[in-house]
Amino acid sequence: MAIRLYALDGCPYCETVHDALDDAGVEYETEWVEALHSKRAEVKRVSGQRGVPVLVDDERGVTMAESEKIVEYVERTLA
């Protein structure tokens, strides 16, 4: 899948991004991460940091964090 979202269950920022992707009709895959930052090696590998949400758009070569920036990207680029 071209769009992946790294998210934590119960994270309100992650839910905001999920909602934006769903509202835009974007197909994506969610990679659920562990609550402990020390267990987020995959997030660190793809984004350089361990916080979530992180969106990876392989088709456009974009990896980004921060829910506000991701929502803006979804609305501007993917919708």
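I began with the helix pair: α1 (residues 12-23) and α3 (residues 67-78) pack at an angle of about 5 degrees with their axes 9 Å apart, where axes are lines fitted to C-alpha atoms over the stretch in contact and angles run from 0 to 180 degrees between N-to-C directions. The two are therefore roughly parallel to each other, a term for angles under 35 degrees. I listed the residues in contact (heavy atoms within 4.5 Å) as Tyr13, Thr16, Val17, Ala20 and Leu21 of α1 with Ser67, Ile70, Val71, Val74 and Leu78 of α3.

I noted that this is a predicted model, in which local features need pLDDT of at least 70 and side-chain atom pairs count only at pLDDT 80 or more, while totals for chains, interfaces and linings use all residues. Residues are numbered from 1 along each chain as its sequence is written, and side-chain values use heavy atoms, with hydrogens and water left out.

I then looked up Asp57, which lies in strand β3 (residues 54-57) and is buried at a relative accessible area of 0%, buried being under 20% with a 1.4 Å probe and protein chains only. Its side chain reaches the backbone nitrogen of Glu59 at 3.2 Å and makes a polar contact of 3.0 Å with the side chain of Arg60; such a contact is a pair of N or O atoms within 3.5 Å, one able to donate a hydrogen and the other to accept it. Beyond four places in sequence, Asp57 touches Ala2, Ile3, Val62, Tyr73 and Leu78.

Last, I checked His18 in helix α1, which counts as buried at 8% relative accessibility.

How values were computed. Helix = DSSP H or I, 4+ residues; strand = E, 2+ residues; numbered from the N terminus. Buried < 20%, exposed > 50% of the residue type's maximum accessible area, 1.4 Å probe, protein only. Parallel < 35°, antiparallel > 145°, perpendicular 65-115°, else oblique.
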